[in-house]
Amino acid sequence: MFLAPIYLGYAGSDEGWYEEVLANGVERCHAYGRFLGNRYGGLEHIVWLMGGDRNPGSTLPHVDAAVARGSRNRASQQFSVPIAPLERSAVEEYGAGGRPGPASSPLHTHQLVHPAARRRRREPTRPFVLIESTYEGEHNASALQIRRQAYWAILGGAAGQFIGNRPIWLFDPGWREAMDGRASRDMVHLRNLFTPLPWHTLVPDWGHRVVTGGLGEFHGLDYVTAARATDGSLVVAYLPSRRPVTADLGALAGDRAEARWHNPRTGEETLIGTINTEGSRAFEPPAEGDWVLLLDGR
């Protein structure tokens with residue numbers, strides 16, 4: 001559970017507590033953080049979010065006192081994650097001025113997710129999650145767009161991802177029903193797919209060593225993201241639309257692998273068969289829509 005105890009708000013709006021944080025001062029913010037640590041320090045599933053939706057600016061020492069030093073004083077098994085403004089990096093916002101950089105730098109983007117994930121290679125290596133992208137129920141977002149963002153993130157190196165939804169985020173009328181909406185159900189399929197896989201060993205195939213054909217346009221909506229396990233035992237590729245893709249099977253370890261299609265809309269899988277891991281081979285999804293290709297040599 002990610003908790004934002006000192007949310008700063010969206011710059012230029014009356015959201016959040018930016019002015020209140022400044023008015024309280026560093027020591028009171030630290031006392032507030034100690035209170036949180038005493039109350040929640042025994043819970044291992046808490047992640048503390050620092051700031052949120054704007055540059056911390058003058059509140060940086062206040063946020064640090066409340067979250068990094070205060071709320072974690074009784075919780076060595078918990079950690080804190082700073083949230084940078086949209087399209088910005090937490091490394092830039094929270095690691096400036098000689099301060100130690102944050103342990104994690106969440107991805108906060110409403111642009112194409114996979115190029116943003118790839119740009120993380122230019123920063124010091126840190127685990128990241130896709131903490132915000134386009135929401136379900138806003139900006140005419142389709143169910144396909146919400147799925148694309150999620151799979152692009154996971155196969156682009158993210159350790160996880162969030163979906164947003166309107167009316168849920170505002171608790172507008174209908175938010176309870178929206179919790180059972182399409183995006184939530186699609187994320188169940190995503191979780192069920194990746195949980196039994198060694199997802200933490202997947203390395204994004206930015207160099208196209210594995211998927212060599214049918215990639216689509218990198219700065220477009222049809223780009224195929226693929227990742228390969230470090231030991232070569234597994235390849236996972238997400239196709240936003242139906243088309244044949246070519247894979248270099250020599251990138252897989254071992255002599256044989258099981259090939260199958262996963263339907264991210266239903267969670268169902270279709271077995272292609274057991275294949276020899278040599279040469280190149282084309283794979284085409286069995287029907288229209290987005291698909292996940294798995295080449296599993298485990």
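What follows is a conversation about how some terms are applied to the structure above.

Author: This is a predicted model, in which local features need pLDDT of at least 70 and side-chain atom pairs count only at pLDDT 80 or more, while totals for chains, interfaces and linings use all residues. Residues are numbered from 1 along each chain as its sequence is written, and side-chain values use heavy atoms, with hydrogens and water left out.

Reader: Why is Y135 called buried?

Author: Buried means under 20% relative accessible area, exposed means over 50%, and partly exposed lies in between, with a 1.4 Å probe and protein chains only. Y135 has a relative accessibility of 18%, so Y135 counts as buried.

Reader: What makes Y135 and W169 an edge-to-face pair?

Author: Rings of Phe, Tyr and Trp (for Trp the six-membered ring) pair if their centres lie within 6.5 Å, and planes under 30 degrees apart count as stacked, over 60 as edge-to-face and the rest as tilted. For Y135 and W169 the centres are 6.2 Å apart and the planes stand at 80°, and the pair is accordingly edge-to-face. Y135 is in the loop between strand 5 (130–132) and helix 5, whereas W169 is in the loop between helix 5 and helix 6 (175–178), 34 residues apart; helices (H or I, at least four residues) and strands (E, at least two) are DSSP runs, numbered from the N terminus.

Reader: Why is the pair of F218 and Y223 edge-to-face?

Author: Their ring centres are 5.0 Å apart and their planes are at 85°, so this pair is edge-to-face. Both F218 and Y223 are buried.

Reader: How do you know that the charged end of R54 sits over the ring of Y18?

Author: A charge sits over a ring if NZ of Lys or CZ of Arg is within 6 Å of the ring centre and within 35 degrees of the ring normal. The charged end of R54 is 3.8 Å from the centre of the Y18 ring, and R265 likewise lies over the face of W291, at 4.9 Å from the ring centre.

Reader: Which residues is R166 in contact with, and what makes them contacts?

Author: Contact means heavy atoms within 4.5 Å. Leaving aside neighbours within four places in sequence, R166 is in contact with E136, G137, E138 and D172. R166 is found in the loop between helix 5 and helix 6, and its relative accessible area is 39%, so R166 is partly exposed.
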